[in-house]
Amino acid sequence: MRILQRFLAVAGVFLACSDPFTPTVENVAGTYTLERLTELHGTVGATNWVPRGGTMTITLETNGTTTGRLFLPGADESGADFDVDMAGTWTLIDGIVVFNQSADSFVRDARWVARRSRITGDHTLGDDRVIAVLSK
């Protein structure tokens, strides 16, 4: 009997930890805020934008539209603030969120993986790489 109780206890823990998530438009839609944003500069170093005042909010509506804002102080090529509108559209394809926006930022170019209550973006351009985590 003890062996059966231990087996059931272990099985219960395993099942609780293996809660699978299947992304759908309905469970991915929502408002996301920036949790982490790291820009890796080849072998030169990295910039962590959140402590520097970087913010991002993006709302993914179930009708496929997006609203929001990306703000990175001093990140524009001229040294000015990088402040862009996140208006556009989004689609979900096999667990990947694809953004279509007029704003020229890493957001529309990154590969965004949908997970429970978060989306994670990754984009490489030349020697630079941007990794972003947004959560709802």
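## Ground rules

What you're looking at is a predicted model, where local features need pLDDT of at least 70, side-chain atom pairs count only at pLDDT 80 or more, and totals for chains, interfaces and linings use all residues. Residues are numbered from 1 along each chain as its sequence is written, and side-chain values use heavy atoms, with hydrogens and water left out.

## The overall fold

How much of the chain is buried? Of its 136 residues, 32% count as buried. Here, buried means under 20% relative accessible area, exposed means over 50%, and partly exposed is in between (1.4 Å probe, protein chains only). The accessible surface of the protein chain comes to about 8300 Å², and carbon and sulfur atoms own 55% of that; the areas come from the Shrake-Rupley method with a 1.4 Å probe, and for residues only the protein chains shown count as cover. As for contacts (heavy atoms within 4.5 Å), take those with a separation of 6 or more: residues 24 or more positions apart account for 42% of them.

## The nonpolar core

In soluble globular proteins, nonpolar side chains tend to be buried together. A nonpolar core is a set of buried Ala, Val, Leu, Ile, Met, Phe, Trp, Tyr and Cys residues joined through side-chain atoms within 4.5 Å. In this model, the largest nonpolar core has 27 residues, and the ones touching the most other members are Leu70, Val97, Phe99, Phe106 and Trp112. The elements giving two or more residues to this core are β1 (30-41), β3 (55-60), β4 (65-72), β5 (82-85), β7 (96-101), α3 (106-109), β8 (111-115) and β10 (128-135).

Zoom in on Val97. Setting aside neighbours within four places in sequence, Val97 is in contact with Val28, Leu60, Trp90, Thr91, Leu92, Trp112, Ala114 and Ile119.

## The largest pocket

The largest pocket has a volume of about 490 Å³. Of the 16 residues lining the largest pocket, Glu39, Phe82, Ser105, Phe106 and Val130 are the closest to its centre. Which elements give two or more residues to the lining? They are β1, α3, β9 (118-125) and β10. Sorted by class, the lining has 8 nonpolar, 2 polar and 6 charged residues.

How are these things defined? On a 1 Å grid over the protein atoms alone, a pocket is an open set of points with protein on both sides within 12 Å along at least five of seven lines, and lining residues have an atom within 4 Å of a point. Grid points are joined across faces, edges and corners, and a volume is the space filled by probe spheres set on the points. For the classes, Ala, Val, Leu, Ile, Met, Phe, Trp, Tyr, Cys and Pro count as nonpolar, Asp, Glu, Lys and Arg as charged, and the others, Gly among them, as polar.

Arg36 lies in strand β1, and Val133 is found in strand β10. Arg36 counts as partly exposed because its relative accessibility is 46%, whereas Val133 counts as buried, at 5%.

Beyond four places in sequence, Arg36 touches Val50, Arg118, Ile131, Ala132 and Val133. The C-alpha atoms of Val133 and Leu34 are separated by 6.2 Å, although the two residues are 99 apart along the chain.

## Loop residues

Thr62 sits in the loop between β3 and β4. Is Thr62 buried or exposed? Its relative accessible area is 54%, so Thr62 is exposed. Not counting residues up to four places away in sequence, Thr62 touches Val25, Glu26 and Ala29.

Most residues other than glycine have a negative phi. Asp94, in the loop between β6 (88-93) and β7, has a positive phi near 50°. Asp94 is also exposed, with a relative accessible area of 78%. Ser117, in the loop between β8 and β9, has a positive phi too, about 60°. Ser117 is partly exposed, at 36% relative accessible area.

Notes:
Helix = DSSP H or I, 4+ residues; strand = E, 2+ residues; numbered from the N terminus. 1 Å grid on protein atoms, 1.4 Å probe; cavity = no way out; pocket = protein on both sides within 12 Å on 5 of 7 lines; lining within 4 Å.
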